[in-house]
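Hi,

Here's the structure I promised to pass on. Have a look at it first, and then read my notes below.

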Amino acid sequence: MIRAAIALLAIALPVPAMAQAPDYEAFGEFVETFRKEARTPAMSALILKDGQIVWEGYFGTYDDEGELPTTADTTYSIASVTKPIAAMGIVAESLAGGIDLATPMTADSRWTEICEYFLTTPIPFMSGGEDINGNAIAPVDCAKPTSLAQMLDMRANGDAFVYNPIAYARIDRVITGAGGRDLRAIVRDRVVEPAGMRNVALGWHDPEEGDALRFLAAPYHVIDGRAVKQAISDDDFRAAAGIKTSPRALAAFDSAFDNGVIVPPSLRTRLIEDLEIGPLGDYRMGWWLEDWAGKRLIWHSGKDDERYSAVYLKVPEDRLTLIVLANTEAIWNEGSSLVDAKVARSPIARRFLEEFVQ
């Protein structure tokens, strides 16, 4: 009788729903449909979970004849996604005693001249204005003794962050002006090699990583619905941009960052748990920060004008990462703001968050 009662009770009780397995195939189909609709010849994407690649997709072709299928080796200009990589290298160099993060931007002998000139231009992150949502953009404060640490946090414009790529691009000159090493050497020694990143060109003139350029996807700009091939930018490596690489190399960086290989885990903890941020988010040490559905996101996007675009998004609480690279501007969202961190303005990032973040 007891056994029969237990059996009946088991039948009556509701069975807990099994956790639904992530539908990576559907996400891949979404990315491929997006690529085709955006007339983008090549797109590469991957997802990491607990430091391991759990899905990757390589779509389209990466040569100008449309004959070479996009593969794991295909590389792209990652534009501003360079910033967190460079920032982590600079922080690691400072911890080793090679840089003082209190060094002022004026260690760059032309900083004041460049700063004051750009104040006279209509560029919003230099002369100020409003973003698309009416949020105020403070002008850059050329008289402020901005330190290297503050610049890594995008504080050249005042106490609140303003995304300022022109000021950020002067960081390498600040370091060498203060007697530090060349930025390319710093990032190679402090990030690329420890993380085990392969096929990473630190700028067009990098003498050590020709394969990254050999596998580079030709850049395109969509004009009247047709992808038109563009000249490759010969801009060299700066803290603001310049790296050319593949999603797998970025995945190696991601794992190394999470596991404390590049910088101490306490730095990652500070970004994720210790910093309280407002409704507009924040920018710290090369990363955009925002809270989405109760979870901290750290991320960066990139745009090489009329050539490439990139999204690198981390959900640390879930140990989940998305990396997407393209050889058009397709995955850059024109609604992006200089003072408001909202990665979900990217359709691919939004789909990823809605699909995989609980």
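Let's start with a question: which handedness does the crossing of H3 and H11 have? The crossing of these two helices is left-handed. Keep in mind that this is a predicted model.

Now for how they pack. Helix H3 covers residues 82–95 and helix H11 covers residues 247–258, and their axes sit 12 Å apart at an angle of about 45 degrees. Angles under 35 degrees would count as roughly parallel and 65 to 115 as roughly perpendicular, so H3 and H11 are oblique to each other. On the H3 side, Pro84, Ile85 and Met88 meet Leu250, Phe253 and Phe257 of H11. That contact is made up of 6 nonpolar residues, with no polar and no charged ones.

E3 and E9 (residues 243–245) are joined over 2 bridges, and Ser77 stands opposite Lys244 in E9.

Most residues other than glycine have a negative phi. Asp224 isn't a glycine, yet its phi is positive, about 55 degrees. You'll find Asp224 in the loop between strands E7 (220–223) and E8 (226–229), and at 80% relative accessibility it counts as exposed. Arg319 isn't a glycine either, and has a positive phi of about 50 degrees. Arg319 is in the loop between E13 (308–315) and E14 (320–326), and its 29% relative accessibility makes it partly exposed.

Cheers

Technical notes. Residues numbered from 1 in each chain as written. Predicted model: local features only at pLDDT ≥ 70, side-chain atom pairs only at ≥ 80, totals over all residues. Heavy atoms only, no water. Pairing = 2+ DSSP bridges. Helix = DSSP H or I, 4+ residues; strand = E, 2+ residues; numbered from the N terminus. Axes fitted to C-alpha atoms, helices over the stretch in contact; angles between N-to-C directions. Parallel < 35°, antiparallel > 145°, perpendicular 65-115°, else oblique. Left-handed = near helix turned anticlockwise from the far one by under 90°. Contact = heavy atoms within 4.5 Å. Nonpolar A, V, L, I, M, F, W, Y, C, P; charged D, E, K, R; others polar. Buried < 20%, exposed > 50% of the residue type's maximum accessible area, 1.4 Å probe, protein only.
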